[in-house]
Amino acid sequence: MQLTDLDYTSLRKRIVGREITCAQLVADYLDNIREKKPLNAFISVFEKDARQRAEEIDRKISANNAGALAGLVLGIKDLIVLSGAPTTCGSKILSNFISPYDATVIKKLAQADAVFIGKTNMDEFAMGSSSETSFSGAVKNPTATDRVAGGSSGGSAAAVAGNLCTAALGSDTGGSIRQPASFCGVVGIKPTYGRVSRFGLIAYASSLDQIGPLCKSVDDAASILNVISGYDHLDSTSANQPTEDYTTYLNRDVKGLIIGLPKEYYGAGLDPEIRQNIENRAAQLGKAGAEIVEVSLPHTEYAIAAYYIIATAEASSNLARFDGARYGVRAEKVMDLEEMYVKSRTEGFGSEVKRRIMLGTYVLSSGYYDAYYRKAQKVRTLIRQDFNNVFAQVDCLLTPIAPTTAFRLGEKIDDPLTMYLSDIYTVSCNLAGLPGIALPSGADSHGLPIGLQLLGKPFSEGKLLQVADFLEKLN
Amino acid sequence: MYYEPVIGLEVHIQLNTDTKIFCSCSTLFGAVPNSQVCPVCLGMPGSLPVLNRKVMEYAVRLSLATGCKINNTSILARKNYFYPDLPKSYQISQFEEPFAEHGELVVKIEGQPSRRIGITRIHMEEDAGKSLHAESFVGKDESLVDVNRCGVPLLEVVSDPDFRTPQEAYEYLVHLRQIVVYLGICDGNMEEGSLRCDANVSLRPIGTTTLGTKTELKNMNSFRAVEKALEYEIHRQEMILENGGVIEQQTLLWDANRNVAESMRTKEYSHDYRYFPDPDLAPISMTAGDIEQVRANIPELPEAKRERFMRQFSLPEYDAQVLTESPKVAEYFEQTALRVKDKKAASNWIMGNLLRSLKERNEHLHQLKLTPAFLAELLTLIEQGTISGSSAKEVFEECLDSGKSPTLIVEEKGLLQISDLDAIEQIVSSIIEKNPRDVQDYLNGNEKVLGFFIGQIMRATQGKANPKLVNSILRKKLALLSK
């Protein structure tokens with residue numbers, strides 16, 4: 001048993017009990033990062049800063065004034081900005097970008113004495129479901145290195161699963177925390193839209209993006225969520241809603257809870273092994289006193305289309321600022337302004353990003369706006385209503401996360417449509433702004449991790465943690 | 001055939017808030033380039049906008065003052081286009097569901113019936129930065145960008161196509177400027193671009209109602225330039241139509257040096273801005289309560305003030321009009337008038353001597369050492385006959401220069417007018433005694449001699465004798481002699 005195998009909740013006891021030091025822990029993680037470089041989980045590593053910070057925190061621990069997350073060693077998805085540190089979004093166009101300011105989540109975590117060990121790899125601008133589109137190369141799944149880690153927060157998931165850090169921050173626009181968490185066998189939370197400030201998160205699709213943790217246990221998820229949630233006056237879309245202590249939802253039972261299984265999430269295309277796994281879990285919950293009911297989310301089949309219209313529309317505008325004029329990479333030897341734009345963006349963006357910018361530009365163009373963007377917004381409303389109806393009957397939903405376990409590197413990268421369709425169980429949650437948790441649930445016959453998903457109504461993170469914690473501790 | 005111009009205006013009003021529309025950077029004009037910036041207005045990756053509440057309040061003020069209906073919810077939208085002075089590559093503006101709609105302004109031109117000009121909409125947006133190309137410090141193949149102005153709040157007022165003459169457009173602009181200055185939401189400073197106007201114009205045969213093809217005019221940096229550019233463009237379109245040609249829809253740039261409008265290259269305005277609601281900003285919601293709160297604090301507007309001045313101070317319409325052109329002059333007048341009996345005299349002095357002196361001295365009213373209280377003091381000295389009219393002018397100038405009180409100046413300069421009856425009678429008697437031949441002339445019916453006597457008396461008193469008293473005492477004494 002290595003220290004780096006442990007979750008933060010176990011490590012914290014040892015750190016506070018002076019059995020181990022943060023400095024030792026950081027050194028161990030740095031060794032692992034070096035050893036497992038082929039996973040390609042990190043884009044940058046803050047070796048010196050992390051060691052120095054760990055020593056500072058060790059002094060605080062000695063003085064008994066360390067913060068709530070003292071000794072938590074975090075990887076940060078490389079689209080969350082840290083003052084003075086590179087933030088590339090896995091893109092060539094930002095390969096030289098150093099942020100002049102801190103994201104709100106970074107400020108909060110630093111205040112709680114977390115240590116930032118590096119920036120994790122990801123699909124370029126969070127556009128992808130496999131972490132293969134990064135300018136820094138594909139991320140490999142620690143369980144099977146010929147497999148993808150999932151995406152877009154694949155680097156964060158692989159770093160946690162590979163014991164390169166205690167936990168990591170990811171972002172989830174259509175499943176980008178939950179799907180890689182599931183592929184790598186770690187816990188991931190996508191909080192309610194507005195629960196965590198987006199200030200300092202480089203936007204892919206602003207109305208869908210949300211920051212959340214990927215970690216080794218439900219306990220850890222609750223502790224980290226405690227620190228990063230809350231209203232932020234710098235983010236107009238953050239919810240002005242009181243926070244709660246999520247750890248109070250842990251170690252409870254599930255008696256009397258009503259858990260729904262949306263039938264549209266168990267149809268054709270779902271790997272039978274995953275279906276069996278989740279049905280077994282449902283049965284366990286039933287045995288423990290929860291009521292399991294089948295429910296329907298009738299507009300599910302339109303979710304992928306609506307998602308890819310809304311997300312790409314927003315992305316086409318969000319990514320327009322990367323034009324080579326003020327920061328990032330500017331193409332050399334250009335004759336005029338237009339050429340500067342065209343060349344910088346042509347050279348700076350990868351093909352998946354270009355595909356989505358073009359798609360988004362198209363759906364917002366005059367003459368097409370009503371047929372695509374406006375219609376997609378109407379579908380979004382219907383999907384939200386589906387969930388409202390269902391949550392009038394049930395406390396949460398239990399679903400698969402992806403139709404399959406981790407697929408092979410290169411398997412789908414040339415087939416974008418198949419790749420998009422694999423987001424079927426995760427995108428509705430973002431369209432409706434709901435919280436969702438990915439929880440590891442054993443492995444398939446190839447030994448690849450299976451994940452299950454719990455979805456709840458807005459701001460019901462506590463209840464989701466309660467059920468996830470119960471399931472986690474059953475094993 | 002006779003043609004009728006159809007003109008619409010789009011006016012950008014730069015708001016005088018302390019901070020920018022989506023961040024807390026200063027809006028101060030003229031700072032060192034790129035010194036008033038932060039991650040938000042620089043469009044740094046990950047930064048997010050937060051709407052300045054003051055901008056909402058100012059938008060309510062203008063909407064109410066122009067009779068617009070304020071929408072319960074309005075949407076901030078992104079207008080997407082690439083330009084180096086637009087850091088996010090989109091401008092946050094409003095498109096569908098603007099802040100307010102359906103208002104009007106009444107434009108008055110002397111000798112013509114009032115014209116009601118419809119206001120289509122008022123919406124808020126952020127300003128872009130400034131690109132520098134041809135300045136001395138810019139390299140040959142370079143352009144520089146100053147981002148200080150990025151995010152300065154603007155209100156755009158779009159009129160209906162209700163103007164029929166360039167003069168109406170001019171008067172509307174003057175009136176709109178006056179309103180925003182009165183509302184305290186804009187400094188009205190034309191040199192700093194606080195108001196900017198684009199116009200569109202088309203022609204149609206008189207008596208018809210369908211609209212012709214319009215052209216857009218940009219780059220006018222004064223209201224007079226708007227008027228001139230419209231005159232130019234109306235004439236140009238007329239010539240084309242009269243020669244059987246067709247108007248091409250295009251944007252023209254006004255060249256103020258050459259007095260011509262020239263077509264912009266087609267490419268630069270054939271934009272599809274791909275407007276869509278900004279997902280970073282919630283819709284703006286305005287309740288009736290929010291609106292009433294602002295309404296309660298709206299200052300008196302020029303028309304209301306004009307009418308009140310006529311009523312309260314019994315001023316002629318012309319005086320009230322001149323005095324209310326600027327809220328500062330109006331305030332100055334009111335502060336003076338409340339302290340004196342003769343309101344018209346206050347009006348005369350302000351419209352005449354005061355405004356002229358301001359112009360000559362190139363000073364602003366608020367910098368003036370001659371305060372309303374001092375002017376009132378001066379007017380009271382005149383009213384009470386303490387000083388003569390000619391001395392008053394001298395006191396006025398001295399007070400402008402030194403800021404000393406008029407009473408003190410009168411004392412120091414010995415300008416006190418002699419209004420003592422006994423004193424004047426004595427002087428008059430002595431002059432009559434000294435000039436018996438002239439007295440006889442007068443008694444024989446030569447009225448002109450009166451002027452000679454007055455001259456003598458004024459000389460003897462160094463001009464300080466109260467002329468009215470001198471006149472009546474002299475006549476009285478001469479009349480006594482004739483009996």
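**Note on the interfaces of chain B**

1. Domain 1 and domain 2 of chain B bury about 610 Å² between them, 57% of it on carbon and sulfur atoms; buried area is the accessible area (1.4 Å probe) that two parts lose on being put together, summed over both. On the domain 1 side, Lys108(B), Gln178(B) and Tyr182(B) lose the most area, together 75% of what that side buries.

2. This is a predicted model, in which local features need pLDDT of at least 70 and side-chain atom pairs count only at pLDDT 80 or more, while totals for chains, interfaces and linings use all residues. Residues are numbered from 1 along each chain as its sequence is written, chains are lettered from A in the order in which they are written, and side-chain values use heavy atoms, with hydrogens and water left out.

3. The domain assignment, automatic or from a database, divides chain B into domain 1 (3-291), domain 2 (302-413) and domain 3 (421-481). The C-alpha centres of domains 1 and 2 of chain B lie 38 Å apart.

4. Chain B and chain A bury about 2800 Å², with carbon and sulfur atoms giving 56%. Chain B contributes 31 residues to the contact and chain A 39. The salt bridges between the chains number 2. Arg374(A) forms a salt bridge with Glu96(B), the closest N and O atoms being 2.7 Å apart.

Key. Contact = heavy atoms within 4.5 Å. Salt bridge = Lys/Arg side-chain N within 4 Å of Asp/Glu carboxyl O.
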